[in-house]
Amino acid sequence: MKPMTDQNTKDLWLKAGRRVISREADALALLGASLDGPFVQAIDILLGVKGRVIVCGMGKSGHIARKIAATFASTGTPAHFVHPAEASHGDLGMMAQGDAALLLSNSGETPELADVIAHTKRFGIPLIGVAGKAGSTLLKQADVGILLPPAEEACDKGIVPTTSTTMTLALGDALAIALMEHRQFTPENFREFHPGGKLGARLAKVRDLMHSGDQVPLIAPETAMGEVLISISQKGFGVAGVVHNGALIGVITDGDLRRHMQGLLDMTADQVMTKNPKSILPDVLAEEALSIMNRRKITTLFVAEDSRVLGILHIHDCLRAGLG
């Protein structure tokens with residue numbers, strides 16, 4: 001396809017893009033350096049919430065508020081977004097004693113927030129305000145006011161909310177992560193709120209993907225190899241686990257069968273098996289199990305705990321779940 005624009009125009013586009021990113025990066029550095037007592041006080045309030053964190057904002061601040069509420073909720077701080085304009089028409093009922101409010105407004109004078117502010121005062125709901133104007137109504141009314149540092153918007157006209165919304169979003173992330181780390185929120189906790197998609201797959205445990213019960217190909221040491229071959233064929237994993245008193249003592253794989261091809265049917269399982277096989281615990285991340293299988297060039301792992309076989313995991317189970 002023939003280019004539609006000349007090189008000078010393309011250079012101007014690149015210049016604008018780099019200017020925007022540079023200004024926003026500078027603003028984030030200012031924000032990081034400005035965090036002080038109010039940020040700590042906000043964390044104290046949020047840690048003490050027995051209900052939910054109600055996050056509000058209008059316009060672009062509303063979009064940021066939705067994302068902050070979602071981040072809180074997925075990292076162990078129950079939260080939801082309330083639209084300020086809807087709050088005056090019944091949604092104030094979504095805020096109650098025991099909650100805390102986080103209100104966002106770059107100007108600090110957003111009129112739609114007035115009823116929300118009044119509601120927090122009436123019911124003793126702690127209010128954290130975030131604004132870019134010192135002395136604004138929101139910061140004056142808030143129990144804790146976080147003032148965004150002065151930074152020019154990314155557009156040369158200074159009218160499009162860009163740098164200000166980036167700082168607000170980053171501040172929300174900073175609050176969420178500080179809370180998450182204080183609560184020692186683990187990847188396993190995180191997966192409880194993210195069971196689907198690639199992230200859910202990465203945080204899945206072996207027990208979530210393994211086969212158990214009658215699906216597991218287990219045989220006794222004294223089993224004749226004719227029966228072992230039938231078991232391997234029926235279960236469909238290409239392997240059999242040899243157990244004694246419930247403990248895994250060996251495995252029989254395709255490689256073991258080839259090595260003992262001569263006189264195979266005259267042998268028993270314990271004569272053919274590979275001893276002391278690798279197994280994995282059920283609460284290990286499935287991603288680690290996949291790594292072990294790839295590293296050892298094997299396709300299955302038996303799942304065991306306290307010497308007791310609980311299941312079997314095939315590499316295809318990991319791939320179907322979105323790993324790899």
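Four strands make up an open sheet in the order β6-β7-β8-β9, and their pairing is mixed. Its edge strands are β6 (218-219) and β9 (274-275), each of which pairs on one side only. The model is predicted. A second open sheet has 3 strands, ordered β10-β11-β12, again with mixed pairing. Helix α1 covers residues 7-34, and T163 of helix α7 is in contact with R23, E24 and A27, among others.

- β6 pairs with β7 (residues 239-244) in the parallel sense.
- That pairing rests on 2 bridges.
- Within it, I219 has V242 of β7 as its bridge partner.

- The edges are β10 (279-280) and β12 (308-314), each pairing on one side only.
- Strands of a sheet can pair in parallel or antiparallel fashion, through backbone hydrogen bonds.
- β10 runs parallel to β11 (residues 300-305), with 2 bridges between them.
- β11 and β12 run antiparallel and are joined by 6 bridges.
- The hairpin of β11 and β12 has 2 residues between the strands.
- In this hairpin, D306 takes a positive phi near 55°.
- β12 is an edge strand, yet 6 of its 7 residues are buried, so the rest of the structure largely encloses it.
- Helix α14 (residues 286-296) lies across β10, β11 and β12.
- The direction of α14 is at about 130° to β11.

**Helix α1**

- D6 caps the N-terminal end of α1.
- In this cap, a side-chain oxygen of D6 lies 3.2 Å from the backbone nitrogen of N8.
- R23, E24, A27 and L31 are buried in α1.
- Helix α7 (163-182) is included in what covers the buried residues of α1.

**T163 in helix α7**

- T163 belongs to α7.
- Is T163 buried or exposed? Its relative accessibility is 0%, so T163 counts as buried.
- Beyond its neighbours within four places in sequence, T163 is in contact with R23, E24, A27, A151, E152, E153 and A154.
- Three of these contacts, R23, E24 and A27, are themselves buried residues of α1.
- The T163 side chain also reaches the backbone oxygen of E152, at 2.9 Å.

**Cysteines**

- How many disulfides does the structure hold? The structure holds 0.
- A disulfide would be a covalent bond between the sulfur atoms of two cysteines.
- C56 has 0% relative accessibility and therefore counts as buried.
- C318 is buried too, with a relative accessible area of 0%.

Definitions and conventions
Residues are numbered from 1 along each chain as its sequence is written. This is a predicted model: local features need pLDDT of at least 70, side-chain atom pairs count only at pLDDT 80 or more; totals for chains, interfaces and linings use all residues. Side-chain values use heavy atoms; hydrogens and water are left out. Two strands pair if DSSP finds at least two bridges between them. Contact means heavy atoms within 4.5 Å. Axes are lines fitted to C-alpha atoms, for helices over the stretch in contact, and angles run from 0 to 180 degrees between N-to-C directions. The expected span of a helix is 1.5 Å times one less than its number of residues. Buried means under 20% relative accessible area, exposed over 50%, partly exposed in between (1.4 Å probe, protein chains only). A polar contact is a pair of N or O atoms within 3.5 Å; within protein, one must be able to donate a hydrogen and the other to accept it, and residues adjacent in sequence count only if both atoms are side-chain atoms. A disulfide is a pair of cysteine sulfur atoms within 2.5 Å.
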